[in-house]
Amino acid sequence: MNRQAQAVVLLLFGGAILKASFTDLYLRYVKEGLRPFLIAAGVALVATAIATLWYERRPDHDHSHHEPRVGWLLILPVLGLLLVAPPALGSFTAGQSGTLPVSGSDYAALPAGDPAPIGLLDYASRALFDEGRSLTGRRVQLTGFVTAGPGGAPMLARIVVGCCAADGRPIKVGLTGGPLIDVPAGTWIQVTGTHSAKRGEDPVNQADIAYLEVAQWQPVTPPKQQYE
Amino acid sequence: MAEARTLEREARQGPGIGSVEVLAALLVLLVIFRGELAGVVPGARWQTWTTVFVSVLVQAVPFLVFGVLLSAVIAVFVPRSFWARALPRHPALAVPAASVAGVVLPGCECGSVPIAGSLIRRGVTPAAALAFLLAAPAVNPIVLTATAVAFPGDPEMVVARGLASLVVAIVMGWLWLRLGKAEWIKLPHRPDVDGASRGRAFWSACRHDVVHAGGFLVLGAAAAATINVLVPEAWLQTLAAEPVLSVLALAVLAVLLSICSEADAFVAASLSQFSLTSRLVFLVVGPMVDLKLISMQAGVFGRGFTARFAPATFVVAVLAGSVAGMVLL
């Protein structure tokens with residue numbers, strides 16, 4: 001791999017990173033906070049490529065004989081980002097991993113509105129640790145994708161990401177009552193309902209699963225930020 | 001050797017097909033078959049593999065580039081004499097000094113590999129550079145803050161992680177002083193920067209290190225993505241009840257998953273069926289030995305080095321993590 005080829009690969013790699021961070025593509029893989037660093041890294045990669053091409057216009061005579069061949073592999077992430085652009089983690093991960101164990105804390109009042117829009121993780125910890133006290137008498141609205149629960153009953157899930165999608169873990173909420181949910185796994189839906197005292201257990205890791213008493217549901221387009 | 005060089009030069013200057021031509025042909029083919037390629041990842045398992053592979057890389061790129069830029073600065077702008085003055089003269093004292101210096105470098109393990117390579121090139125004793133390599137990703141403020149956030153109920157986890165990681169770095173540095181051999185470390189040939197202008201030397205070091213360490217990072221990310229989609233979590237759960245097995249299971253998992261040290265605390269927190277000690281071992285092993293690090297270290301320091309260093313670090317890290325867990329948690 002000579003230096004011009006390395007420069008082209010670096011240019012493509014930096015360009016792919018920049019393109020992903022200027023569109024919403026990067027949100028499928030990492031947290032929003034990484035964006036400025038991604039842009040800086042992309043600019044540095046492009047600058048390295050341009051500097052290499054610039055200095056190779058008038059090459060010195062100290063050509064190294066061990067230019068790294070492993071650098072060809074950098075084409076793979078370029079293909080991954082520019083051509084394949086794989087989707088955010090979804091129902092496959094939700095089926096393979098156990099639901100996140102939730103922990104208790106102080107529960108502020110639910111956000112205003114009827115129904116109150118609330119995250120799955122927030123709902124699950126209120127339902128499991130606070131016995132649903134902060135949910136009493138309120139209708140809530142959860143947004144997530146459908147995944148198969150124990151026995152094939154559809155559950156609502158969302159992937160929770162700490163840093164990048166490699167550490168993504170699902171949070172699952174069981175659905176009970178209400179109209180039949182007959183969309184395939186992976187479909188994003190918005191569910192309105194009330195707290196249910198029912199509890200389940202995730203067969204993967206034996207963690208508790210909170211349930212929602214469904215009043216109605218409808219399919220929605222996936223949100224820009226699919227992770228919670 | 002001289003003959004080989006002449007032959008190689010002739011081969012390069014001859015009217016053959018160079019890498020730029022190969023690359024151009026490849027790119028043209030890709031643009032033509034773009035539609036077909038975008039659909040080649042059909043099953044959910046493969047789609048997840050691609051997502052995890054791309055995420056590990058996207059997450060690591062800023063740290064890799066930051067580490068490479070810093071290591072190029074070390075190589076080009078920091079005079080050799082600086083390190084002789086900055087670190088204690090005696091190697092046995094330089095090791096703990098270098099480990100503690102890791103505290104000030106906020107970043108994950110991908111960045112510290114090229115930096116440690118650059119330090120060795122600039123005459124820092126390998127024992128101290130290796131101690132820095134192990135300590136920097138684990139004991140810096142960002143990682144310790146993330147650990148505190150992930151374990152809100154167990155602040156002693158932060159102390160245990162910092163102390164155990166420092167101990168491993170120092171022990172490995174001292175072990176290297178006693179048992180290590182300089183010829184195990186084979187730094188890749190990097191264009192000699194001493195004669196060239198500073199600008200040319202700086203960008204040449206950047207290009208070389210990104211292409212080199214980045215290539216090995218790609219290998220490691222592919223391995224980590226494979227483990228992520230192939231090992232179902234249910235397997236792990238059966239091990240959680242056994243105290244010794246659970247420590248070993250999470251130590252091996254830390255190696256296989258290759259999660260960035262800034263994120264591993266959140267993963268450890270979510271493995272709540274496991275004891276705190278086994279999760280501490282996960283946090284101590286992960287930033288020091290994992291698939292992408294092994295791949296990058298083999299690229300930067302040579303295979304002979306990594307084949308000895310990575311297993312030894314693994315054993316020391318498991319021991320230090322277990323003892324810290326028993327005493328502090």
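## Ground rules

This is a predicted model: local features need pLDDT of at least 70, side-chain atom pairs count only at pLDDT 80 or more, and totals for chains, interfaces and linings use all residues. Residues are numbered from 1 along each chain as its sequence is written, while chains are lettered from A and ligands numbered from 1 in the order in which they are written.

## Chain A as a whole

Chain A holds 5 helices and 6 strands. Helices (H or I, at least four residues) and strands (E, at least two) are DSSP runs, numbered from the N terminus. Read from that end, the order is α-α-α-α-β-α-β-β-β-β-β.

The C-alpha trace of chain A spans about 80 × 35 × 30 Å along its principal axes. Its radius of gyration is 23 Å, whereas a compact globule of 228 residues would have one near 17 Å. That radius is taken over C-alpha atoms, and the globule rule is 2.2 Å times the number of residues to the power 0.38.

Of the 228 residues in chain A, 46% are buried. Buried means that 20 or more other C-beta atoms, placed from the backbone, lie within 10 Å of the residue's own.

## Strand β4 and its partners

Strand β4 (residues 169-176) of chain A is mostly covered, with 7 of its 8 residues buried. Strands pair if DSSP finds at least two bridges between them. Strand β3 (residues 154-160) of chain A pairs with β4(A) in the antiparallel sense over 6 bridges. Here Ala157(A) stands opposite Lys172(A).

β4(A) also runs parallel to strand β6 (residues 208-219) of chain A, joined by 4 bridges. In this pair, Val173(A) stands opposite Ala210(A).

## Where the chains touch

The contact takes 60 residues from chain A and 62 residues from chain B. Residues are in contact if their C-beta atoms, placed from the backbone, lie within 7 Å. On the side of chain A that touches chain B, α2(A) gives the most, with 10 residues. By class, that side has 39 nonpolar, 16 polar and 5 charged residues. Ala, Val, Leu, Ile, Met, Phe, Trp, Tyr, Cys and Pro count as nonpolar, Asp, Glu, Lys and Arg as charged, and the others, Gly among them, as polar.

## The largest core

A nonpolar core is a set of buried Ala, Val, Leu, Ile, Met, Phe, Trp, Tyr and Cys residues joined through C-beta atoms within 7 Å. The largest has 148 residues, and Ala131(B), Val168(B) and Val285(B) touch the most other members. Helix α4 (residues 44-76) of chain B gives the most to this core, with 19 residues.

Conventions: Contact = placed C-beta atoms within 7 Å. Buried ≥ 20, exposed ≤ 12 C-beta atoms within 10 Å, placed from the backbone.
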